[in-house]
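Good morning, and thank you for making time for this presentation.

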Amino acid sequence: MTKERKAGVLLPISSLPAPYGIGTMGESAYRFIDWLKAAGMKLWQVLPLLPTNYGDSPYQSCASDALNYYFIDLDALEREGLLEKADYAFLDWGADPRRVDYEKLFLHRAEVLKKAFARFDRTASDWKKFLKTGKYRDFALFMSLKSKFSYLPWTEWPEPYRLCDEKTIGAFMAENGDELEFWQFTQYLFLRQWNALKAYAHENGVEIMGDMPIYVASDSVEMWKYRGELFLLDEKGAPAAVAGVPPDAFSADGQLWGNPVYNWAAHKAENYAWWIWRMKSNMALFDVVRLDHFRGFAAYWEVGADEETAINGKWRKGPGMELFNAIEKSLGPVPLIAEDLGVQTDEVKELLEESGFPGMRVLIFGFTPDYDNEHLPHNYKPNSIVYTSTHDSQ
């Protein structure tokens, strides 16, 4: 990231005003960019664009590189002739237009998009080219299986599917080609709308900052299909440990996130290929990427999978600069921002310094009544990104 001083706004896509249950990449997104330009803002930060899973959080997604089809603008599809107003305008999207009703979105959004898919020209050359890349094939397979098994976690699927039996999965794919294509279609639509919105932002001098969660969900395509290659497992193939943070001022029991922890030795043996692929996917979407839970790359809190709180965990060494050096060697310099909030040890500070990534400061954290601290403006380092507040404060 350049050292030019600039200002911006954090606004999730979901929070944009829109009539059909959630903010989208439609008209209000373009008007927001107009406002950013008029206000002299140079950055728009969004939350992860990943599909939400149980708990409705983009930090607990079913796939680490998929895109949230809830954000696809339905009015734009109506203008293209892929939808009619009657397909979506009169559905129950929730009682309060100021809040997202994820249950209603779950019930209606995919069904509406299937109507668009039915009208879509599947002979179009750009669609065939998109399918040929195979980029979202794993996501499509996982969602198709989810649909078949009433959206139960993959751990509750019948054994041949749960174990990703090659013959069983091959037969399923052969019999469910349209369903697989539909889920790829959601990604195609998202990218088409996102790339147009991003281009408009650039035309108006606005960069877009994304957000990459450090972990993936237990109920995810990665855990289902690639768990033996990516995560720390026990002898039965289940997570041997899960992620969280130890007790602190916010929680006496710590935070037990439940995400599977990585088998960093295996990632190192593969020269961090999965992380390079993941970063490349993020950089195709964003101009700058915020790294969630940066301290986890120096050391992470590991808790036994059978624990009910995060108290009885232990610190484990993370990949450190080895990971970021591998990414830079493959992709060149990548503009990253470190989410380095919370109690930071010397090793985290050293990693931040060596990486050269900007760290975060939070204005509201600085104005405590009793002591001087790094969040007060006179203590800011030049290479910092400063927020007025966060989700952990009023």
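Predicted model: local features only at pLDDT ≥ 70, side-chain atom pairs only at ≥ 80, totals over all residues.

Let me begin with helix H5, residues 125–133, and helix H9, residues 177–203. Their axes lie 11 Å apart, and the packing angle is about 110°. H5 and H9 are therefore classed as roughly perpendicular to each other. The crossing of H5 past H9 is right-handed. On the H5 side, the contact is formed by Asp126, Trp127, Phe130 and Leu131, while H9 supplies Glu181, Gln184, Phe185, Gln187, Tyr188 and Leu191. Sorted by class, the residues of this contact are six nonpolar, two polar and two charged.

H9 also packs against helix H4, residues 102–119. Here the axes come within 10 Å and cross at roughly 95°, so H4 and H9 are likewise roughly perpendicular to each other. From H4, the contact involves Ala110, Leu113, Lys114, Ala116 and Phe117; from H9, it involves Asp178, Glu179, Glu181, Phe182, Trp183, Phe185, Thr186 and Leu189. In the contact of H4 with H9, eight residues are nonpolar, one is polar and four are charged.

Is Gln187 buried or exposed? Gln187, which belongs to helix H9, has a relative accessibility of 0% and therefore counts as buried.

Leu67 sits in the loop between S2 and H2, and it counts as buried because its relative accessibility is 1%. Apart from residues up to four places away in sequence, Leu67 touches Leu49, Pro51, Tyr136, Gln187, Phe190, Leu191 and Leu285. As for Glu374, 307 residues from Leu67 along the chain, the C-alpha atoms of the two residues are separated by 36 Å.

Asn68 is found in the loop between strand S2, residues 43–45, and helix H2, residues 74–80. Its relative accessibility is 2%, so Asn68 counts as buried. The Asn68 side chain reaches the backbone nitrogen of Tyr70 at 2.9 Å. With neighbours within four places in sequence left aside, the contacts of Asn68 are Leu49, Leu50, Pro51, Thr52 and Phe190.

Which of its residues are buried? They are Val221, Glu222, Met223, Trp224, Arg227 and Leu230. These buried residues pack against several elements: helices H6 (137–148), H7 (159–162), H8 (166–175), H11 (264–269) and H12 (273–285), together with strand S5 (255–260).

Of these partners, let me describe H6. The axes of H6 and H10 are 9 Å apart, at an angle of about 115°. Asp138, Leu141, Phe142 and Leu145 of H6 meet Val221, Trp224, Lys225 and Tyr226 of H10. The contact of H6 with H10 comprises six nonpolar residues, no polar ones and two charged ones.

Thank you for your attention.

How values were computed
Residues numbered from 1 in each chain as written. Heavy atoms only, no water. Helix = DSSP H or I, 4+ residues; strand = E, 2+ residues; numbered from the N terminus. Buried < 20%, exposed > 50% of the residue type's maximum accessible area, 1.4 Å probe, protein only. Polar contact = N/O pair within 3.5 Å; in protein donor to acceptor, adjacent residues only side chain to side chain. Contact = heavy atoms within 4.5 Å. Axes fitted to C-alpha atoms, helices over the stretch in contact; angles between N-to-C directions. Parallel < 35°, antiparallel > 145°, perpendicular 65-115°, else oblique. Left-handed = near helix turned anticlockwise from the far one by under 90°. Nonpolar A, V, L, I, M, F, W, Y, C, P; charged D, E, K, R; others polar.
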